[in-house]
Amino acid sequence: MFKYLQRRFIQAIPTFFGVTILSYLVILSAPGDPVAMITFSPRSDKATIDLMRRQLGLDQPPLLQYVYWLVGNDWTMIDTDGDGVGETPGQRRGLLRGDLGNSIKQKRPVMDLIAQRIPATLRLGVAALMIGFMMGVVLGVLAAVFHRTWVDQAIRIISVIGNAVPQFWLGLLLIIIFGVQLDILPISGMQNITRRGGFDLGDALRHMVLPVFVLSLNWIAFLSRFTRTQMLEVLQQDYVRTAYAKGLQTKVVWLRHALKNGLLPVATFLGPAIGTVLAGAVIIEQVFQWPGMGKLIIDAVFSRDYPLVMGSVVIASIMFIAGVLLSDVMYVILDPRIRLE
Amino acid sequence: MRQSRSFWRDALAFILRDRLTIFAISVLAVATIVCMGSPLVIENALNLDVNETSVPNRFMQPGQDGYPLGTDQLGRDQFLRLIYGGRVSLTIAYLASVLTVFIGITLGMLAGYYGRGVDDLISWGVNTLSAIPPLFLLLIASAVWEPSTEVLIIVLAALGWVGTSRLVRGEVLSLKERDYVLAARALGASDFRIVVSHILPNVFSIVMVTMTIIAGNLILIESGLSYLGVGIQPPTPTWGNMLTDSRSYFVTGVHLVFTPGILIMITVLCFYLVGDGLRDALDPRRYQK
């Protein structure tokens, strides 16, 4: 069992480096220069631009830039005056030591900017995930219980439509209906900005209703199908037939034998699901002007703020890798068949 | 006694009896023909220009003044724009799904068949690509390259092959141990021949289902990217970028929000339904029931 987990942890390491290399390559191949984005004024002279490039380390060969980004450059001297001799000690500590560099546009550590946005995204994502899991599992079990009846059909239709409807469009529709026409729910942001005073739970919840509903719909759609399939699979197993054969009531068979085994894969799916929370709301955050990670990365992409873009990608990927590992651990805990191996 | 038919003919017969799938296929066919064909008629026979703006005719309601679906904030004909937008969305869905699946099959078969180093390398790529949130990568890639339709198709395929490859790899792993592969090898068939004529036909049916689902997903992804403003750039209309500015006309032009979304939803729904139908038709276990 520990061997299995150990192997999974070791496998995550090359994946992590793959993520850093790939995101670095994409940024590297980008036309346009971040410095040019800040100094587009024709009056800025070449000396200033060169100085800026050297300070950001953009004059270095790509491989060295990558190394600096990964492990920092405080072990070497940086040449800031352009005479080919390094004289200023490097300041960066690198990704592996928790330093993602500074945002070019906002001139603040990327780590701080991301840390600032994470709670907003988590609030949205975790609420949607919880509702999605509860509703999805309940609907999935119901669909399996009432297999091939109208209940099953109705749940299938909900799930198919929930998958096919474009999230941003549903968000727009809900804004039109509940925000503009009926005017009963706020349509953007996390709280009423004109209100004075501290945190108001009712206000915060009202802002969450629409985005959380849209986000959870995808989970409901996916999980109700997934749960249904798992349950139907389990119901065909021999031990379920045995349970029926020894005269157990349907209710007991369902609760004690089918549900436990059928929901096992669903439970382990929670790990990767948590991993996608940080990145899962990009479009919805844009629709509802929600100040989370998604809006951060969209703004960063548009202003070509590469350190911020790469930082967001890496953090979101680390979350995902951690989520997958979490689900491996949960599998081992929940499924004795693996534990005994 | 049951008449003996080939696997594919039997699947075809099954689909022909499946009314929902036939309906979805017909809707897609009609949409494709209209979107691909009518721009020719519109430009040459009716002499209309989809990008023609007209200030006095802004925010016309549907049906008003001969505009069947009204006009947008620049006075452009919404109906024409929907047709042109559909042409872009459907082209991307068809071509990118084929390309995605092609890359996925090729890499998946290489990984599954050769194993060892090849498998390690490809699996590393798969794990890496699937660890990065897909929308983040697409967002960066399309912001960085400001894609034309062709570039967007390549980008979508280059980032989307992972699932297919994983699926194919798993299938090949089990298929290559089968007796008929062993027999082919004993007869001296080359690797290429074994892969192409013995393994490929057996993964093809599963891949066809995936391809249909991918096509539906691609329409959603493309519309999302366009909505965010990083997909196909205006004035070329797509169903997604027609909604980009919709916030600013929630009051004056609500009709502009409805139509693109409904078309996206119907198209995606039809691709999913066809995928479901194909899955049932191509499922070998169907015979046992």
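1. Starting with chain B: read from the N terminus, its elements run α-α-α-α-α-α-α-α-α-α. That comes to ten helices and zero strands, where helices (H or I, at least four residues) and strands (E, at least two) are DSSP runs numbered from the N terminus. Bear in mind that this is a predicted model, in which local features need pLDDT of at least 70 and side-chain atom pairs count only at pLDDT 80 or more, while totals for chains, interfaces and linings use all residues. As for conventions, residues are numbered from 1 along each chain as its sequence is written, chains are lettered from A and ligands numbered from 1 in the order in which they are written, and side-chain values use heavy atoms, with hydrogens and water left out.

2. A few totals for chain B. Of its 289 residues, 50% are buried; buried means under 20% relative accessible area, exposed over 50%, and partly exposed in between, with a 1.4 Å probe and protein chains only. The accessible surface is about 14,000 Å², and carbon and sulfur atoms hold 64% of it (Shrake-Rupley method, 1.4 Å probe; for residues, only the protein chains shown count as cover). Take the contacts in chain B between residues at least 6 apart in sequence: 73% of them join residues at least 24 apart, a contact being heavy atoms within 4.5 Å.

3. Have a look at Y272(B), in helix α10 (residues 255-282) of chain B. Which residues does Y272(B) touch, leaving aside its neighbours within four places in sequence? They are N163(A) and A164(A) from chain A, along with I213(B), G216(B), N217(B) and L220(B). Y272(B) counts as buried because its relative accessibility is 10%. V181(B), for its part, is 91 residues from Y272(B) in sequence and 33 Å from it in space, C-alpha to C-alpha.

4. On to chain A, which has 16 helices and two strands. Its mean pLDDT is 82, and 91% of the residues score at least 70; pLDDT is the predictor's confidence in each residue, from 0 to 100. Where pLDDT is low, the predicted coordinates should not be read in detail.

5. What about the overall form of chain A? The radius of gyration is 25 Å, whereas a compact globule of 341 residues would be near 20 Å (taken over C-alpha atoms, with a globule rule of 2.2 Å times the number of residues to the power 0.38). Along the principal axes, the C-alpha atoms fill a box of roughly 90 × 60 × 40 Å. Buried residues make up 48% of the 341 in chain A. The chain exposes about 17,400 Å², with 65% supplied by carbon and sulfur atoms.

6. Now the rings. Phe, Tyr and Trp rings (the six-membered one for Trp) pair if their centres lie within 6.5 Å; planes under 30 degrees apart count as stacked, over 60 as edge-to-face and the rest as tilted. By this rule there are ten aromatic pairs over all chains. One of them is Y24(A) with Y66(A), edge-to-face at 5.3 Å centre to centre and 70° between the planes. This pair links distant parts of the chain, 42 residues apart: Y24(A) sits in helix α1 (residues 2-28) and Y66(A) in helix α4 (residues 62-71). Both tyrosines, Y24(A) and Y66(A), are buried.

7. F222(A) and F226(A) make a stacked pair, 5.7 Å centre to centre with 15° between the planes. They are separated by about one helical turn because they are four residues apart in helix α8 (residues 201-235) of chain A. F222(A) is partly exposed at 35% relative accessibility, and F226(A) is partly exposed at 22%.

8. A polar atom of the S216(A) side chain lies 3.0 Å from the backbone oxygen of F213(A). Beyond its neighbours within four places in sequence, S216(A) contacts A128(A), I131(A) and G132(A).

9. Finally, some backbone angles to check. Most residues other than glycine have a negative phi. R148(A), not a glycine, has a positive phi of about 65°; R148(A) lies in the loop between α5 and α6 (150-164) of chain A and is exposed at 71%. Q289(A), also not a glycine, has a positive phi of about 50°. Q289(A) is in the loop between α13 (282-287) and α14 (293-302) of chain A, partly exposed at 32% relative accessibility.

Note on methods
Polar contact = N/O pair within 3.5 Å; in protein donor to acceptor, adjacent residues only side chain to side chain.
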